[in-house]
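Biologist: I would like to learn how to read the strands, the domains and the ligand surroundings of a model. Could we go through them one at a time?

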Amino acid sequence: MNSALEFVQQAFDYIVIGGGTTGLALASLLSLDKDVKIGVIEAGQRKDDDNILVPGLIGKVLNDPEYDWSFLTVPQPHANNRRIPINRGKVLGGTSALNYMAYCRGSRVEQNDWKKLGVKGWGWDTIDRVTKASERWTPPDSETASLHWANKAVKNHGRQGYVKTTAYNYYYDLAKPFFETMNELGVATNHSEASGDLIGVWTYTASIDAKTGARSYSTNAYYDNVSHRPNITVLTDALVTKIHLRNEGAGSHCATGVEFLKDGRLYTVQSRKEVVISTGSLQTPQILELSGIGNAEILNSLGIPVQVDLPGVGENFQDHFVVPMGAELTGKHHLTVDDLSSPAFAAEQMRLFKATATGMLGSTLSTLVFIPARQFIAPTRFAEILSALDTALKSPEIVNSPWKKWYEVQRDWLENDGVAQLEMILFPSWTHAGCSREGAKHYQMSVFLQHAWSRGNIHAISQNAEDYPRIDGCTLESPADIDLLMLVEAVKYAFNVMRTGALGALTAEIVQPKPSWSDDEIKEFIRNNVKSAFHPIGTASMLPRSSNGVVDDNLKVYGTSNLRVADASIFPIHLGTHPQATLYGLAHRAAEIINEARLEEGIQARL
Ligand SMILES: Cc1cc2nc3c(=O)[nH]c(=O)nc-3n(C[C@H](O)[C@H](O)[C@H](O)COP(=O)(O)OP(=O)(O)OC[C@H]3O[C@@H](n4cnc5c(N)ncnc54)[C@H](O)[C@@H]3O)c2cc1C
């Protein structure tokens, strides 16, 4: 719907703010009950073009204002004062329309450890159940599976859900050598990576429709199934500016409606039951603060009347950090993504994709490996890093911190061989001005820190919702410099991978960084190149209120009776994986919680 006037005239039971990955899935699921009316307000527009639907075009519309919010952090002192980009989808479907389609599951250990932080009811068994409920998996055909290993473990997948997933059917000629090299280095192929144990080397299940070859995302997987229903209405191109709260006394506030800006005019739409914020980790804290929920000091400084003093809002920002490395391949015969820069080859691949849903454009191409700390860091070096960390963890600042518990959990994970601290992704493309050689073929090896210790924050900078929030990732600011030291070890391990066995035989030269560099030179390279892996979480954490929590176990914002959050901001601690599968699971769990609350309300009313 495009008319704000018609939208505000409707009587909605539930209003979902943000029609993104989690929000649009949740709204669609709530609408399955014809007795409730759902309104969704999304800042972006619907765009179902090739840029979104063709898997091989990933990255093409990043930073295009028609599709992307294109956030930047403030200058990061530990990353040589660079401002680090964090892309976010500004279209119906949110970031699920822009992401790289890795549909990966978390780990049993990490998910179960949420309870050590005081979170109840969100262990692996629950998340596994709801994530499977979201998935509609098509097993790879035997030819795809035989190109090299591709996941066929039926028991780990949902078959009746919404998000279509499968193994992509095109692999480049580096994938198999990479598997062989990792195996040679003692990292096993994981034949069951969605089982709660993700350690090992594997190719990922992708959120791709096996029949059409197109991206499956929140919009076509969920919303298109229900958009014909009269009880769900999506208003696009409308920016929510605040939530109206009524003070109910006894420290509780009730969300009565939502204010939004459309075509230069402000409107308010009423809600009869609940409001759910699903604007993602970067914008959810801003909406809470604009509505008077947050750290009282920050709200006062912005002139926003305090409704609920909740110091955790916008804090606990966590991300996966990534450092890209580049290498030149031996020979020129390899087919890599860089070949798509030839218009004739790109056109041929597009014709192939449109006709048969195959070829390079049907694939996101990446191959992954997940490794625990003890497998990529030499024992003596690891002991030195841990000893420095343990000293830092005894500082009063950390001992007295409300976040103390998650430091304890993260410390345990460092020595747990079931928890990946490093992810490496091999991608057959690398072009860097001045570094890659004209006419040569290249690949990129990226190292990802899966459990950074840095904690950033995000806050509104004014009362104006159109002003982007201030994002401080506090990149590489961690106790005892552990994030930087772990990345140095990750880079050195990657050098080893790139020089060993079958992959080593295909690597003519590691171009950047150089294996000959000293640790200090590698550190400087990391500071100059570390990026966001685009997995921000934590800024409205599900934690006890005494631990700086923002929402309770039922996703309800503390100090409110009917305001919830459902998006990546509620993750209290990072999972060492790509988040979208868990977020679709979150949408299903949120729908269960909201439906249970309504049934409970009905029962109470009848008594
Ligand atoms: C380039 C890229 C690649 C990625 N690749 C992967 C991958 O391969 N696998 C994976 O698992 N994850 C990947 N991710 C991360 C993953 O996609 C995100 O973590 C996830 O989609 C976030 O979902 P969300 O529901 O929290 O927020 P979003 O999907 O971002 O939804 C938020 C929605 O709220 C809307 N909104 C914001 N503010 C307002 C407002 N004031 N008023 C109205 N609407 C508003 C936004 O427009 C958006 O639609 C990637 C991310 C990026 C950027």
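Biologist: Which way do the residues of strand β2 point, and are they buried or exposed?

Modeller: This is a predicted model, and in it I38 and V40 point one way from strand β2 (residues 38-41) while G39 and I41 point the other way, with all of them buried.

Biologist: How should I think about the pairing of such a strand, and what is the sense in which strand β1 and β2 run?

Modeller: Strands of a sheet pair through backbone hydrogen bonds, and the pairing is either parallel or antiparallel. Here strand β1 (residues 12-17) and β2 run parallel and are joined by four bridges, and I38 in β2 is the bridge partner of Y14. To get from β1 to β2 the chain passes through α2, and this β-α-β crossover is right-handed.

Biologist: Which residue of β9 stands opposite I38?

Modeller: I38 stands opposite I232 in β9; β2 and strand β9 (residues 232-235) pair in the parallel sense, over four bridges.

Biologist: In what order do the strands of the open sheet with mixed pairing lie?

Modeller: The order of that three-stranded open sheet is β5-β6-β8, and its edge strands are β5 (135-138) and β8 (205-206), each of which pairs on one side only. Between β5 and strand β6 (residues 163-167) the direction is parallel, with four bridges, and W137 stands opposite T165 in β6.

Biologist: Turning to the domains, into which segments is the protein chain divided?

Modeller: Domain 1 comprises 1-101 + 215-319 + 454-475 + 539-574, and domain 2 comprises 142-214 + 320-451 + 477-529. Their centres, taken over C-alpha atoms, are separated by 30 Å, and 25 residues of domain 1 are in contact with 28 residues of domain 2. On the side of domain 1 that touches domain 2, the residues divide into 13 nonpolar, ten polar and two charged.

Biologist: Finally, which of the residues around the ligand come nearest?

Modeller: Of the 41 residues around the ligand, the ones that come nearest are G18, G20, G94, G280 and H578. Two or more residues of the shell come from each of α2 (21-30), β10 (239-249), α9 (280-290) and α19 (580-606), and α9 gives the most, with four residues.

Biologist: How many residues of each class does the shell around the ligand have?

Modeller: By class, the shell around the ligand has 21 polar, 16 nonpolar and four charged residues.

Notes: Residues are numbered from 1 along each chain as its sequence is written. This is a predicted model: local features need pLDDT of at least 70, side-chain atom pairs count only at pLDDT 80 or more; totals for chains, interfaces and linings use all residues. A residue is near a molecule or strand if its C-beta atom, placed from the backbone, lies within 6 Å of it. Ala, Val, Leu, Ile, Met, Phe, Trp, Tyr, Cys and Pro count as nonpolar, Asp, Glu, Lys and Arg as charged, and the others, Gly among them, as polar. Domain bounds come from an automatic or database domain assignment. Two residues are in contact if their C-beta atoms, placed from the backbone, lie within 7 Å. A residue is buried if 20 or more other C-beta atoms lie within 10 Å of its own, exposed if 12 or fewer, and partly exposed in between; C-beta atoms are placed from the backbone. Two strands pair if DSSP finds at least two bridges between them. A crossover is right-handed if, with the strands pointing away from the viewer, the path from the first strand over the helix to the second runs clockwise.
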